[in-house]
Amino acid sequence: MDFKALVAIIIGSALINNFVLRQFLGICPFLGVSKEIKNSAGMGISVVFVMLLATAVTWPIQTFVLERFGLGYLQTLLFILIIATLVQFVEIAVKKFIPALYSALGVYLPLITTNCAILGVTIANIKNSYTFAQSMAHALGGGLGFLLAMVVFSGIREHTENTDPPPSFRGLPLTLISVSILSLAFFGFSGVSEGLFG
Amino acid sequence: MKKLSILTKGIFKENPVLVFLLGLCPTLAVSTQASNAIGMGAATTFVLLGSNIAISLCRRAIPDKVRIPCYIVLIAGFVTLIQMIVEAYAYPLYMSLGIFLPLIACNCIVFARAEVFANKNTVIDSILDAVGMGAGFTLALFAVASLREIFGSGTWYGLAIPGLSSYNVPLLAMAPGGFIVFAVLIAILNKVSNGKAVKKKEFGCAGCPSASVCGKGGAR
């Protein structure tokens with residue numbers, strides 16, 4: 001297992017195939033929570049945390065239980081249940097043992113249960129037949145990419161909120177057009193991986 | 001007459017995508033080709049139908065406190081079913097939908113209908129509701145996908161459109177195009193209906209009909 005491949009996966013999933021801007025995963029929390037930089041950073045950090053945790057739990061289950069006993073068809077059902085339970089457990093544990101962290105992230109944890117980016121990352125790990133280290137790198141990169149997109153976009157949004165667009169573009173349409181331009185900007189990263197790792 | 005309105009409200013007056021802005025992830029991701037949109041719409045309608053029937057049948061048996069986990073299990077079960085059916089009988093569609101087929105399990109339209117409608121109404125009403133909402137979702141998906149396919153790649157349903165194929169805008173078929181086309185569609189709807197059609201002006205968790213499902217008060 002070489003280190004270079006892991007870095008390539010992290011950069012690839014964070015910048016080139018950014019979950020929100022290129023793969024359309026997790027649009028709801030992205031649009032819902034990106035009004036202030038502080039909130040979006042909290043949401044982004046929670047997503048990084050839960051993605052890593054979900055990958056660390058689902059990958060061994062898929063490899064050592066589902067594939068071993070030929071139960072691959074239970075993947076979707078089991079993964080979404082694992083993520084839902086995991087989020088609840090994490091919330092209880094963080095509330096009990098690290099109250100400071102809970103007051104910062106607690107609000108965002110329940111929202112993550114039905115975030116399709118989390119289920120998406122765990123299923124994509126299996127679909128791409130990544131090893132455990134590669135899966136963790138993919139989850140880390142994906143989470144960091146989500147955090148980056150949220151923080152950058154909330155900065156943009158604080159400005160667009162104060163503009164005066166034509167009435168029919170007020171609200172969601174203007175927001176979506178800003179996302180589109182940001183997504184276009186992320187296209188610039190496409191050449192990066194070939195330059196760095198090619 | 002009431003039954004008819006349950007069926008049609010999902011298509012126009014309460015269209016889940018265009019009016020309530022639910023299920024944006026699949027709407028934007030799968031809408032590069034009209035054929036994918038129809039396939040995804042049909043798959044989601046199947047899951048919606050199955051989950052609405054099952055939840056409506058079990059609505060007296062499911063204790064209120066654990067209803068969210070019950071929804072998750074039922075919906076994920078139907079998603080697994082449709083995954084197998086599509087893989088067996090429509091393999092090209094299975095490949096082009098990719099990860100978004102299992103992700104129907106996270107689709108907030110399905111959750112919202114389970115929580116808002118199926119949990120409180122009879123089986124017949126729930127079936128009508130599922131068909132209406134599924135048709136509304138498919139229609140919205142088809143509209144976005146047609147626009148993106150016609151102007152993005154100059155084809156429609158895989159057939160080349162004479163005169164357009166050399167003047168297309170490939171950007172629309174790519175990721176940024178999805179956001180732009182949907183934004184313009186919502187803006188047109190706003191304009192045509194004088195700002196009345198789109199119910200949700202702001203995109204926030206407070207106004208989301210599935211807020212109680214996604215944990216903001218449901219699971220505890």
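1. Helices here are DSSP runs of H or I, at least four residues, numbered from the N terminus.

2. A word on the basis: this is a predicted model, where local features need pLDDT of at least 70 and side-chain atom pairs count only at pLDDT 80 or more, while totals for chains, interfaces and linings use all residues. Residues are numbered from 1 along each chain, chains are lettered from A, and side-chain values use heavy atoms, leaving out hydrogens and water.

3. Now the neighbour of H3(B): its axis and that of H7(B), residues 123-153, come within 8 Å and cross at roughly 165 degrees. That makes the two roughly antiparallel (over 145 degrees). By class, their contact has 19 nonpolar, nine polar and two charged residues (Ala, Val, Leu, Ile, Met, Phe, Trp, Tyr, Cys and Pro are nonpolar; Asp, Glu, Lys and Arg charged; the others, Gly among them, polar).

4. On to rings: eight aromatic pairs turn up over all chains (centres within 6.5 Å; planes under 30 degrees apart are stacked, over 60 edge-to-face, the rest tilted). A:Phe30 and A:Phe153 are stacked, with centres 5.1 Å apart and planes at 25 degrees. A:Phe30 is buried at 1% relative accessibility, and A:Phe153 is buried at 0%.

Notes
Axes fitted to C-alpha atoms, helices over the stretch in contact; angles between N-to-C directions. Parallel < 35°, antiparallel > 145°, perpendicular 65-115°, else oblique. Phe/Tyr/Trp six-rings, centres within 6.5 Å; stacked < 30°, edge-to-face > 60°. Buried < 20%, exposed > 50% of the residue type's maximum accessible area, 1.4 Å probe, protein only.
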